[in-house]
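Here is a short report for a reader new to this structure. It covers a hairpin, some ring contacts and the nonpolar cores.

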Amino acid sequence: MTTETELAELTGCRAPFLIGIRHHSPAMSVATPHLLEGFAPDVLAVELPAEAADWLDWLTHPEAVAPLAMAFSRGEGLSFYPFADFSPELVALRWARANSVPVVCLDLPVTAPEPEEAVEESPGDSRGRDALFARARANDTQEAWDRLVEAPAPGSAPEQLRVAALAHGWALRRAEGRIDAHTRAREERMNRVLGRELSAGRRVAAMVGSFHAAALLAPEPGPLDAAGPDVAGCLVRYTFAQLDSRSGYPAGIRDPGWQQVVLASELAPGGLRDEATRLITEITRRLRAAGHPAGPGEAAETTRMALDLAALRGLAAPSRRELIEAATTVLAQGEVLGRGRVVAEALEQVLIGDRSGQVAPGTPVSALRANILAELEALRIPLEKNEQLYLEPLRNPRDLRRHVLLMRLFTGGVTFASPVSQGLSRGAEMVGLSWDLRWSTATEASIELAAPRGLTPEQVAATVLLTRKVETPQEATALLTEAAGCALESAMERAFRLVGPLAGRVGFTDAVALSVALAEVASSHIPGASLLPEQQRMRAAELRDEFTSAAVRELRGIRGSDDPEDARALAVFVAQGGSHALSLGHALEQLAGDGSPLMQGAAAGLLLDDDSAGRVASWLDAPTPDARRALRRRLVGLLTTALPRFDSSPATIALVDRVGGIPDDEFVSLLPALRGGFDVLPEQAREALLTDLARELGRARDLVLSPEETLAATRYDTAARDRLAALGLADLAFPPAERWRLVLGTERERLSHRGRRMASALDELYGRPDSDSLDGGRRGSGNGPSQLGVRQWRDEIEVLFGEHEVQEIFGQAAARGRGDVVERLDPDSVRPSVDLLATALSLRGALPEARLARLRPLVARLVKELGAELAIRLRPALSGLATGRPTRRRTGSLDLDRTIRGNLRHVVPLDGRPQVVPVHPVFHAPMARDIDWHLIVLVDVSGSMSESVVYSALTAAILAESPALDVDFLAFSTEVLDFTGHVHDPLALLLEVSVGGGTDIASALRVARSRVRVPSRTLLVLISDFEEFGSDVPLLAEVEALATSGVTLLGCAALNDTGTGVYNAGIAARVAGAGMRVAAVSPLDLARWVGAVIREGSR
């Protein structure tokens, strides 16, 4: 179908009659009544959510003054639908009310669930969009609409505007290609609603965004989703200041005051030219009021230029573009600053306007608003202007009442006050904090939406906290702290009921968080807790002791952790101290000795004052990639826990000396790991650390030198470099100061040429500083503005750091979300690594099929090489599991041990040595493959188990090779999936398994129990971190049932080469008590256990 044919079909469609619009469009607002009068529909269908139907009468009420906004509650936020007189939907709705035409709402309900997004590539056809942009001389869709629809509108016929709008949306849709799942779901509902109306024989006019129009050419009736939960809605007044798109409010438009002028002109060229003249006069008047010369001459010249620009562009009257260009040229006189800023402010004031809407009398309003205003006034909390309110609630009783009221409003969903940050502190005790206050239209709307929950702030907050869904320890912690902050006894009782049972099953980080929160409630350090009854604070103290004990219990569960959050929790827990100081000291020494690299670093950071100055510095002995990876993670742990004391400790001095004294080539090989370790610190902290370390870096006691010292040092360095260059040694030496600038990623302007290249290459991974980016908000780990292409980046890494670092750096980049770098790794030369394989597998859900195909060869080789390497280690542990009975009948399998023992009497000398002559050889009798040992591998594939999932697949494939075993492989998160058919092909299995989600071990064990055939010949291996979702009672019941039936059980808290993991020690202990042996094991340990059980059971 040609472009002309497609557009003709779109614009000629009458079932339904399509009116494509932009949400705010004065041109389409003027055309809409004429289009509707000409078509005379029986029904008007408008792109609004289903819940809007209840508010349309109030929105179109004759006494309602736009701008107005409908608002609906949507989860924790609000959905806003602002309308102005120049909104085509409002014009159409008013026309329908005046002509008694029924209205149907086409869009999805506000409560509709978000559909799952499918990752796929569907290239669009951008020729139409490119043609629009070329004609508009713009690369922005909104600007193209303004120039091709709005600007030519004066003097155009309504049908011409409708065609232009539909063509604009059609071109953008064709260029889009893949339509996202949410948009598809919306359009499917629109088609079903339109189909119902059309099938009833009604003439339907559909007013929709022009982008959607092409999807509505052939509506079919269909079932609509059942109504969701009741949604609170309201109608509130709006202002042009909020409607302006620069205000930050949703669904806005630039310069609504100008848009209102265009609407009022009804697109008459003469009227619009007069209005442009009036606005220019008003702008010059405002300039004079600001003290700048601007009289009738300037106004006349500005008007002349605006009219001339319009004529040159073939327009009947000036548009917003011509008006702004003329004012900037004539009135600002080409200045960007100074007078230019004053002109820009005057333009904004005039073109935005100060219009405010008003709801019609009788529009539903709640009593909650009056009660909130009364409480705010009683406590003298300002409403008139936006400001920051500083409070000291632990010192001042009135500030305490203010804080509790603001906390109740915040918790209840009233968008008026938001906490900024903790203010002054005295020791560990918080003294003051600040709130940002802003009374706005959003506040009015949120009050109306919160009204069903109560009549006072206290009732609203209590309803929210008493009805909030709480399923995780984190949610329970939030409930506890918010209930205390709001001083709500009923909510605190609910929090205690939910928190109490968690002490036996929370992990370390959650146990610490709950212990700290309960301690703050007990000591009234949370403002508002002092208003609670004494009995509740005493109950908090009792629970605090329980969770402190739980945290001590769970310390062994974080031994293998690689999560900085666990390190932070450890630091908080140690800072709490208390009655467990002795056991904590012993646990830290254990972590420093045999924990994961990150936990070794975290423990070393907490033992920094006791360090012999050699432990941290010894980490630099890292000659292999694995050792350098461990160095990076140790530094992350160290800096996470020790930063406040790091710059002054003996260990730091030893580290500084060691970094400054190692040879250049060794430093270069360690630099990526060192930079990665210190990157855990924000840029400001790294800059401060560099300044603090200055005294350890030689003669220059301050790395930030005065201009005179900098000039002298530069001359000296230049002369020295010239002498080195004459010897061919330039750019090879890294003095201590330069080394630490490279390690900390700061002061790039003071680096040598080679140092700047190294810094730039590492910046591609760790991000560039704010000073290197025009948009500081874009700076982030791995997300800074890229300056090198992937190929160029790889070349730089090879030249600067060596080829061996490419895989390490690219692997880190992929883990940070850059899938393009993994595609560049050569499968034939890559070093097999479980970390790299897990990273590559994690990218599957983020890559389209075309790019995933390029990743498969890498994954295939990693699986093959790692599987072969693992098999060499595991097969000896499985030998002898399937040997047949001894026989004298000759078979293909000689039983060498029995042959030698049975022929010891047939020994003869041969070549001077005794030799056994196998007169009576013994053989293994043939065995059938289907031996009845049954192994069920049950693997937790929740988000924290990626490494164990890889090892599980590889190990299961090796175990399945044994003829003594029939292996089932079940993967679970909150659902159980059977991958037994892929157990012999770990590549296919790993490509199918999706890591992520929650953990429901009880349901997985229930499915595994249904697979048991002969319990006494069944081994069940559960590989999980034991972070059970919900109560552990069903889990323990399933374990007991399996153990009682005779199944041999093993729970692997982790399956990896180190035999360490992160797991819930409390639940693991109770599972062990129910009959399942639990341990963190390596694949070799697992294979030995399987072999031992089968050998023992086969005797």
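## A hairpin and what surrounds the rings

Strands E14 and E15 form a hairpin with two residues between them, and aspartate 911 in the turn has a positive phi of about 55 degrees. This is a predicted model, in which local features need pLDDT of at least 70, side-chain atom pairs count only at pLDDT 80 or more, and totals for chains, interfaces and linings use all residues. Residues are numbered from 1 along each chain as its sequence is written, and side-chain values use heavy atoms, with hydrogens and water left out.

E14 covers residues 907-910 and E15 covers residues 913-916. They pair in the antiparallel sense over four bridges. Two strands pair if DSSP finds at least two bridges between them. Valine 908 stands opposite glutamine 915 in E15. Helices (H or I, at least four residues) and strands (E, at least two) are DSSP runs, numbered from the N terminus.

Next come the rings. The whole structure holds seven aromatic pairs. Rings of Phe, Tyr and Trp (its six-membered ring) pair if their centres lie within 6.5 Å; planes under 30 degrees apart count as stacked, over 60 as edge-to-face and the rest as tilted. Two of the pairs are listed here.

| Pair | Centre to centre | Angle between planes | Type |
|---|---|---|---|
| Phenylalanine 86 and phenylalanine 240 | 6.1 Å | 50 degrees | tilted |
| Phenylalanine 416 and tryptophan 439 | 5.6 Å | 65 degrees | edge-to-face |

Phenylalanine 86 sits in the loop between strand E4 (77-83) and helix H4 (88-98). Phenylalanine 240 is in helix H9 (residues 240-243), 154 residues apart from phenylalanine 86. Phenylalanine 86 is buried, at a relative accessible area of 0%; phenylalanine 240 is buried too, at 3%. Buried means under 20% relative accessible area, exposed over 50%, partly exposed in between (1.4 Å probe, protein chains only). Phenylalanine 416 and tryptophan 439 are both buried.

Then the cores. A nonpolar core is a set of buried Ala, Val, Leu, Ile, Met, Phe, Trp, Tyr and Cys residues joined through side-chain atoms within 4.5 Å. The largest has 82 residues, and those touching the most other members include Ile19, Met28 and Leu44. Its largest share, seven residues, comes from helix H2 (residues 26-39). A second, separate core of 75 residues includes Met407, Phe573, Ala587 and Ala603.
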